Amino acid sequence: MTEKQLCYWIRFIIIAIGLLGLGICIGWLPTSLSSAKILIPLTYSEIWIQLIFYWTSAVPCFIVLSFGWKISSIVKEKGLFVYETAKYVNLSAKLLFADMLAFLLGNLVFLFIGNNTFPFLYFFVAIVGFLFSLLLGILSHYLSKAAFLQEESEGTI
């Protein structure tokens, strides 16, 4: 697979994940919180507070997707094993970890005040987000090592 093909696959995946995220933010979250009034009597202000929290916690995820788009441009121009890709992947890992920590703490607050409508689902999302941020951190580490080896091998030729 060439760098150009890899760039297009990365961009395809980013667009698909972005559209899925928009669908969740625009369609599923408002619908699920509105229909949850049957299970938990929520006022409109409580629904809006939760919606604003979930939308706000989704913003860093879209920023991580924009970093992925930038990484695809770097791959297309310079290749995969450069320090720039490792830097953006590392930044994405840190941002996603901080976002998942805030997401988990916010859901714990909603759970303790009795407003969390789907606690197991949201805690599952937080765990998957933590694992994905860990995976990105590991990937960043190996990308920086590979960039060092790439730079070293180009210097000896």
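## Close-up views of a predicted helical model

**View 1. How confident is the predictor in this chain?** The average pLDDT of the chain is 90, and 95% of the residues reach a score of at least 70. Please keep in mind that this is a predicted model. Among the elements of the chain, the highest mean pLDDT, 95, belongs to α3, while α1 has the lowest, at 89.

**View 2. The largest pocket and its centre.** Here we look into a pocket with a volume of about 1300 Å³. Its lining counts 40 residues, and those closest to the centre are Ile17, Cys61, Leu65, Leu96 and Phe132.

**View 3. Which helices supply the lining of the largest pocket?** At least two lining residues come from each of α1 (3-35), α2 (44-78), α3 (83-112) and α4 (119-156). The largest share is that of α1, with twelve residues. Sorted by class, the lining of this pocket holds 32 nonpolar residues, seven polar ones and one charged one.

**View 4. Helix α2 and the glycine after it.** With 35 residues, α2 spans 51 Å between its first and last C-alpha, close to the 51 Å expected at 1.5 Å a residue. What follows α2? Look for Gly79, where phi is positive, near 110°.

**View 5. The salt bridge between Lys78 and Glu84.** The side chains of these two residues meet here, with a distance of 2.4 Å from N to O. The count for the model comes to one salt bridge, so this pair falls within the 4 Å cut-off that applies to a side-chain nitrogen of Lys and a carboxyl oxygen of Glu. Is Glu84 buried, partly exposed or exposed? Glu84 counts as partly exposed because its relative accessibility is 26%, which lies between the limits of 20% and 50%.

**View 6. Helix α3 and the loop beyond.** The 30 residues of α3 reach 44 Å from first C-alpha to last, close to the 44 Å expected at 1.5 Å a residue. Gly114 follows α3 and has a positive phi, near 85°. In the loop between α3 and α4 you will also find Asn115. Asn115 is buried because its relative accessible area, 10%, is under 20%. Asn115 and Gln50 lie 65 residues apart in sequence, yet their C-alpha atoms are 8.5 Å apart in space.

**View 7. Leu136 in helix α4.** Our last stop is Leu136, a residue of α4. Why does Leu136 count as buried? Its relative accessible area is 12%, and buried means under 20%.

Definitions and conventions:
Residues are numbered from 1 along each chain as its sequence is written. This is a predicted model: local features need pLDDT of at least 70, side-chain atom pairs count only at pLDDT 80 or more; totals for chains, interfaces and linings use all residues. Side-chain values use heavy atoms; hydrogens and water are left out. Buried means under 20% relative accessible area, exposed over 50%, partly exposed in between (1.4 Å probe, protein chains only). On a 1 Å grid over the protein atoms alone, a cavity is a set of points where a 1.4 Å probe fits but cannot get out, and a pocket is an open set with protein on both sides within 12 Å along at least five of seven lines; lining residues have an atom within 4 Å of a point. Grid points are joined across faces, edges and corners, and a volume is the space filled by probe spheres set on the points. Helices (H or I, at least four residues) and strands (E, at least two) are DSSP runs, numbered from the N terminus. Ala, Val, Leu, Ile, Met, Phe, Trp, Tyr, Cys and Pro count as nonpolar, Asp, Glu, Lys and Arg as charged, and the others, Gly among them, as polar. The expected span of a helix is 1.5 Å times one less than its number of residues. pLDDT is the predictor's confidence in each residue, from 0 to 100.
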